[in-house]
Amino acid sequence: MTDAPTGVPLQYIAGERRHGTSDDVLDVIEPATGKTIVTGLAAGPEDVDAAVAAAKEAFATWSKTTPAERSDLFAAWVRELNARADEIAEIESRNGGKAIRLTTGFDVPGSIDNVAYFGTAARHLEGQASAEYSADHTSAIRREPIGVIGSIAPWNYPLQMAAWKILPAVAAGNTIVLKPAEITPLTSLIFAETAVAAGIPAGVINIVTGRGPVAGTALISHPDVAMVSFTGSTAVGKQIGATAAGLVKRVHLELGGKAPFVVFDDADPEAAARGAVAGALINVGQDCTAATRAYVQRPLYDAFVERVAELMSGVRVGAVDDPATDMGSLVSRAHRDKVAGMVDRAREAGARVVIGGSIPEATPADGAYYLPTLIVDAAQDSEIVQNEVFGPVLVVLPFDTDDEAIALANDTPFGLAASAWTTNVYRAGRATREIQAGCVWVNDHIPIISEMPHGGYKASGFGKDMSAYSFEEYTNIKHVMTEITGAAHKEWHDTIFADPAE
Ligand code: NAD
């Protein structure tokens, strides 16, 4: 990849790279420096039509492949991805502003493991056992692919989000058109290309790179798209849910988060402080499950704030290609300004910024950097506590009783993830039961694994990514009921034919 070639094709349709047919030029930026990586033409409705047509054609044969055939192709896909892992990590790092240790240690191996997982999971797709629930009939369950899936992904983990959307859909026999975020399309395109290089037929996976209101709207409302799957903000998710409802399309929504991080007074204080800093700063805080609100029981509160500040001040913010860098830049200057605006408003509302709260001095002027930021003395009902910041910002608040901790943890519209820090098994049990979130960690915060589901409660959406549970989203359940006596007159016919002999 050279520094700024123009006119790179940003669409991947029917197994080939294509230029968008719109006249809308997208600049794909390296946010850590502000430099352009590539430019290309955005997808318009005609590109969406072409991609959906390719996916529809591919569905006719892909949906009839056996699980074993799909599994073998996924294994070959893993090999293709492993062969290009370094290149993909470098591009993900440049396009996302991510420190190279994050992409080589998390984004890329995590996504490849997802491909490996769904390659094996495809062979375990099953309905419940057949049986004679009525004496005269055998009932069986068929689990069938739905058709063409229209997926829309966010920019925070471009490769992983493409993987989470594409893999369960395609493993279950569907075909897909994915619209990545228009600012981070590069690794989604490579992901689709490696699938075809592995032997997955052209048209099974298509990528349209375009803006949400244009390409996204065209995709979700397309008559040949049978299901919509979306990961992104709650605000856009609401619009997409409303559109899908109007068209009676199945929809899966993975939305925003505001994860609480609850530290009880018997917790290991060092483990909790380190967990809070890592959990808040991973991916520069642009993680829907990031630790954003730490509630710390009063006896530990002062020492916790002090230790978190100390650990945060040791985090090295710098160039994304430097292996010594702990934290890269935010995804864009526009997003950095949004984060900075929320911190400024928190200050004005009376919160205290313990460290951070500004742009680091020694980073490129056109970069989108922001310092690790620790905030205390914020009100529970303030914007910084209630709304998603999606930046390297942790707010710490004290609590006194366990009842109060659970109530505070549940006191936002979101319910994606949470953690409880305690060495008391009963407290852990209560927290995992009563905190309303799709995932509750005990004495850790962030780890995900392919075998386990990810998805929200409340305004964080519904449906699951990853794991066998995601097949529930991407398959239809069909009941097949076969009469097994051969009798012309069935018992229930008595309701119509009073005399069976007639
Ligand atoms: P966003 O909602 O702004 O955009 C997400 C995608 O939707 C992008 O591809 C965008 O182009 C598209 N889009 C925007 N407007 C649209 C419209 N009107 N119609 C159709 N598509 C449209 O989100 P973002 O800023 O890219 O990502 C950050 C958000 O994603 C955060 O809220 C974060 O919590 C959430 N997120 C959630 C999960 C999860 O699993 N729950 C995972 C990652 C990110």
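# A tour of the spaces and the ligand shell

Start by selecting helix H5 (residues 158-171), which gives three residues to the lining of the largest cavity and contributes the most to that lining; helices (H or I, at least four residues) and strands (E, at least two) are DSSP runs, numbered from the N terminus. This is a predicted model, in which local features need pLDDT of at least 70 and side-chain atom pairs count only at pLDDT 80 or more, while totals for chains, interfaces and linings use all residues. Residues are numbered from 1 along each chain as its sequence is written, and side-chain values use heavy atoms, with hydrogens and water left out.

**The largest cavity**

Next, select Phe106, Tyr157, Trp164, Asp287 and His454, which are among the residues lining the largest cavity. On a 1 Å grid over the protein atoms alone, a cavity is a set of points where a 1.4 Å probe fits but cannot get out, a pocket is an open set with protein on both sides within 12 Å along at least five of seven lines, and lining residues have an atom within 4 Å of a point. The largest cavity has a volume of about 100 Å³, a volume being the space filled by probe spheres set on the points, which are joined across faces, edges and corners. Colour domain 1 (11-254 + 467-479) and domain 2 (259-442): both give residues to this lining, so the largest cavity lies between them; the domain bounds come from an automatic or database domain assignment.

**The ligand**

Now show the ligand, which has 29 residues around it, with Ala153, Ser233, Leu255, Glu388 and His454 coming nearest; a residue is near a molecule if one of its heavy atoms lies within 4 Å of it. Which atom of the ligand is 2.7 Å from a polar backbone atom of alanine 153? The atom 2.7 Å from alanine 153 is an oxygen of the ligand, and a polar side-chain atom of glutamine 239 lies 3.3 Å from a nitrogen atom of the ligand. Helix H7 (212-220), strand E10 (227-231) and helix H8 (234-246) each supply at least two residues of the shell around the ligand, and the shell draws at least three residues from each of domain 1 and domain 2.

**The second largest pocket**

Finally, select Arg101, Ala278, Leu281, Ile282 and Asp326, which lie nearest the centre of the second largest pocket among its 19 lining residues. Helix H4 (100-121) and helix H9 (269-281) are the elements that give two or more residues to this lining, and the space in the second largest pocket is about 480 Å³.

Terms used:
Polar contact = N/O pair within 3.5 Å; in protein donor to acceptor, adjacent residues only side chain to side chain.
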